[in-house]
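Colleague: I would like to go through a model with you, feature by feature. Please give the general idea each time, then the case at hand.

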Amino acid sequence: MKFLTLCIAFLSTTVIGAVAESHRVHFENRCKSGTPKLIQGPNVLSSGKDFTSNGPLASAIAYLDNGKCGFNGENCGTVELTLINPDPSKPGSGSSADISLIPPHKFSQAIGFRYTGGCTDGHDCNDANCHFAFRKPDDNFAQVACQKNDVGLTITFC
């Protein structure tokens with residue numbers, strides 16, 4: 001009986017103590033036109049409204065659809081993002097974001113991002129010559145990492 005009571009107490013604490021991760025993407029569109037988009041694979045996750053992921057948000061892109069962008073942000077600058085809680089046993093396994101101008105992406109208006117909820121790092125790209133953007137696939141200096149749980153991202157246009 002004592003063993004059963006201990007097992008129930010352990011399971012209760014484990015289940016109650018387990019909290020799923022959550023990540024919020026917020027858009028600030030300061031341009032006079034365009035619609036912010038958040039895309040993951042073939043899915044449109046948001047067309048300008050805040051998006052909350054109840055779990056990891058991996059391999060997503062965001063851009064301001066100005067009428068000249070393709071579905072995956074072609075012809076526009078994009079923010080590539082993965083928001084995920086880091087695994088303590090795997091250093092560097094947390095969130096990552098960057099601005100991409102790798103063709104067929106190109107500068108279309110000022111774009112920037114900042115982490116929220118644990119990290120405050122980010123980058124801004126205010127003109128076509130910004131040096132904080134990926135221009136070729138091995139420009140790894142452009143990635144901004146965050147190793148905190150439940151971080152979000154604010155993406156700003158103009």
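Modeller: This is a predicted model. Start with the aromatic pairs.

Colleague: How many aromatic pairs does the structure hold?

Modeller: A pair of aromatic rings is described by the distance of the centres and the angle of the planes. The structure holds two such pairs. One is formed by F27 and F157, which are stacked, at 6.2 Å centre to centre and 20° between the planes. This pair links distant parts of the chain, with F27 in strand 1 and F157 in strand 12, 130 residues apart. Both F27 and F157 are buried.

Colleague: What are the planes of F113 and Y115 doing, and how is that pair classed?

Modeller: The planes of F113 and Y115 stand at 90° with the ring centres 6.5 Å apart, so the pair is edge-to-face. F113 and Y115 are buried.

Colleague: Which residues of the largest nonpolar core touch the most other members?

Modeller: In soluble globular proteins, nonpolar side chains tend to be buried together. Here the largest nonpolar core has 28 residues, and V79, L81, Y115, L153 and I155 touch the most other members. Among the elements that give two or more residues to this core are strand 1, strand 6 (78–83), strand 8 (111–116) and strand 12. Strand 5 gives the most, with four residues. Beyond its neighbours within four places in sequence, L81 is in contact with residues including V25, L38, L57, A97, L153 and I155. Another core, of five residues, lies apart from the largest one; I39, I61, Y63 and C69 are among its members.

Colleague: Then the disulfides: how many does the count come to?

Modeller: A disulfide is a covalent bond between the sulfur atoms of two cysteines. The count here comes to four. With the bonded cysteines numbered in sequence order, the pairing is 1-8, 2-3, 4-7, 5-6.

Colleague: Is the disulfide of C69 and C76 left-handed or right-handed?

Modeller: The torsion about its S-S bond is about -85°, so the disulfide of C69 and C76 is left-handed. C69 and C76 are buried.

Conventions
Residues are numbered from 1 along each chain as its sequence is written. This is a predicted model: local features need pLDDT of at least 70, side-chain atom pairs count only at pLDDT 80 or more; totals for chains, interfaces and linings use all residues. Side-chain values use heavy atoms; hydrogens and water are left out. Rings of Phe, Tyr and Trp (its six-membered ring) pair if their centres lie within 6.5 Å; planes under 30 degrees apart count as stacked, over 60 as edge-to-face and the rest as tilted. Buried means under 20% relative accessible area, exposed over 50%, partly exposed in between (1.4 Å probe, protein chains only). A nonpolar core is a set of buried Ala, Val, Leu, Ile, Met, Phe, Trp, Tyr and Cys residues joined through side-chain atoms within 4.5 Å. Contact means heavy atoms within 4.5 Å. A disulfide is a pair of cysteine sulfur atoms within 2.5 Å.
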